[in-house]
Amino acid sequence: MTTRRARIMSTTTRGELAASLAALRRSLDLPAAYPSAALAEAERAADTVPTDPTAAVLADLRSIPFLTIDPEGSTDLDQALHLERTASGGILHYAIADVPAFVTPGGALDVETRRRGQTIYAPDGRIPLHPEVISEHAASLLPGVDRRAYVWRFVLDDGARPVETTLTRAVVRSVRQWSYVEAQAAIDDATAPESLRSLVWFGSERAARERERGGASLNIPEARIVVDGDGYRLELEAEVPLEDANAQVSLLTGMAAADIMLRGRIGILRTMPPAAPDDIARFRAQTVALGLPWRTDVPYGEYLQSLDRSPAARAVREYAGGLFRGAGYASFDGEPPAQTDQAAIAAPYAHTTAPLRRLVDRWSLVVCEALANDREVPEWARASLAELPALMARSSAVTSRWDAGALDRVEAAVLSGREGEVFEGVVLAVRGDGIRVQLLSPPVEAKVPGITAAPGDSVRLRLVAASIGDGTLRFAAA
């Protein structure tokens, strides 16, 4: 569950917007170029880390026709999958990029990645966790090349429940890189390979298991800024059903990783406390006020999945995103933490499927692979586990400030020059002495003081000012 606004995909910026984003980067002290020692270490690893199964002493799983599914244009490919149906359910192989093979514990690259924490996606170009020679080349699960990977193997029953789980370090080869739109089209016109066809079954069954647990998924679409003449326009990425199914693969893997670490009594979990009863009561009352009542006999996740695309439903999702707060990381070596669940998932969960883009996943993979194969956890991983929650919290805080500030500036650029125009919008929430509004077109959010309205109401607003320099918008009632 997330309350973060739609993320802006990388594109070309120029002029005042480019200058404003650059100033924001400086104010947040975001990383720029890699230190020369870290970059040299990455280049050396890319050249020398073996991908021949015999030389690397790894399992050879290149005969499995893995494929990747990512947003169009992605080059930092963390995951590849192969899924086949069986008489009793299915077998899922899920390959995760072997980033630990390229990062020497305690080395210059390790130090720099701990400083960065995660990849930051930005309108004017992303700030990667790892140098591109690793994240977009040597470690990325690109098609048609041998790559090292941690391969999860799940034997599934007819409800896509794992009945057997193994984790093996191996060499794999992806046969094709699919975008979500391409993959969905292949499913729709019946030309998709078995893995994609089976993913439809898997996603449906895992969504049912999620509802049984009481979990809920609330996906926020990404936005793309497009140069349009002398200005910009903002487009929301098309959502396809396959995205939800693919997300369930990652969820299953994260739950399996948490289970392994809890049984092994060492690891790091992604935790979130349950929503407070008063917050749930307020949310339920708000759904009634919006004309979309959440009945007491309907599970939370099932209710969210039933919502349509209406303005009232958009406002409900806005409130739903704020129900769960306090997500963080809990490391342990011995006694597990008192809070082990990720409340929105309704189960223990660990980040383990995006090591190219998120620091903590490197530890999760190393710990899980050792425990799953009855070996000691490497000392470097054990000794540094306790540092990770603070490192990730700091990185997440900076990234949140960047995301909010960058989106504000992009939205101001999109509306710059349209002062005086009237826009239609829907009220998302009441904030202090005003409201927060989602414009219908372009898909911009704004805080508007001095207006009384209820969530779900339609409003007409006149744009008074749009400042790209600090990302502020001023509206008045039309």
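Trainee: What should I know before we start?
Mentor: This is a predicted model, where local features need pLDDT of at least 70 and side-chain atom pairs count only at pLDDT 80 or more, while totals for chains, interfaces and linings use all residues. Residues are numbered from 1 along each chain as its sequence is written, and side-chain values use heavy atoms, with hydrogens and water left out.

Trainee: How many cavities of 30 Å³ or more are there?
Mentor: A search of the whole structure turns up two. A cavity here is a set of points, on a 1 Å grid over the protein atoms alone, where a 1.4 Å probe fits but cannot get out, and lining residues have an atom within 4 Å of a point. Volume is the space filled by probe spheres set on the points, with grid points joined across faces, edges and corners.

Trainee: What lines the largest cavity?
Mentor: Its volume is about 40 Å³, and the lining is Leu67, Ile69, Gln79, Ala80, Leu81, Tyr94 and Asn246. Strands are DSSP runs of E, at least two residues, and helices are runs of H or I, at least four, numbered from the N terminus.

Trainee: And how does that lining split by class?
Mentor: Five nonpolar, two polar and no charged residues. Ala, Val, Leu, Ile, Met, Phe, Trp, Tyr, Cys and Pro count as nonpolar, Asp, Glu, Lys and Arg as charged, and the others, Gly among them, as polar.

Trainee: What about the second largest cavity?
Mentor: That one holds about 30 Å³ of space. Its lining divides into three nonpolar, three polar and three charged residues, including Asp76, Arg126 and Glu136.

Trainee: New topic: is Ser174 buried or exposed?
Mentor: Ser174 is buried, with a relative accessible area of 3%. Buried means under 20%, exposed over 50%, and partly exposed in between, using a 1.4 Å probe and protein chains only. Ser174 lies in strand S7 (residues 162–179).

Trainee: What does Ser174 touch?
Mentor: Leaving out residues up to four places away in sequence, Ser174 touches Phe66, Leu67, Thr68, Leu141, Leu142, Pro143, Gly144 and Val145. Contact means heavy atoms within 4.5 Å. Also, a polar atom of the Ser174 side chain lies 3.3 Å from the backbone oxygen of Arg176.

Trainee: How far does helix H7 reach?
Mentor: H7 (residues 194–213) has 20 residues and reaches 28 Å from its first C-alpha to its last, close to the 28 Å expected at 1.5 Å a residue. The expected span is 1.5 Å times one less than the number of residues. Among the buried residues of H7 are Leu196, Leu199, Trp201 and Phe202. Gly214 follows H7, with a positive phi near 90°.

Trainee: Where's the cis peptide bond?
Mentor: From Ser441 to Pro442, with omega near -5°. Pro442 sits in the loop between strand S15 (434–439) and strand S16 (445–449).

Technical notes
1 Å grid on protein atoms, 1.4 Å probe; cavity = no way out; pocket = protein on both sides within 12 Å on 5 of 7 lines; lining within 4 Å. Polar contact = N/O pair within 3.5 Å; in protein donor to acceptor, adjacent residues only side chain to side chain.
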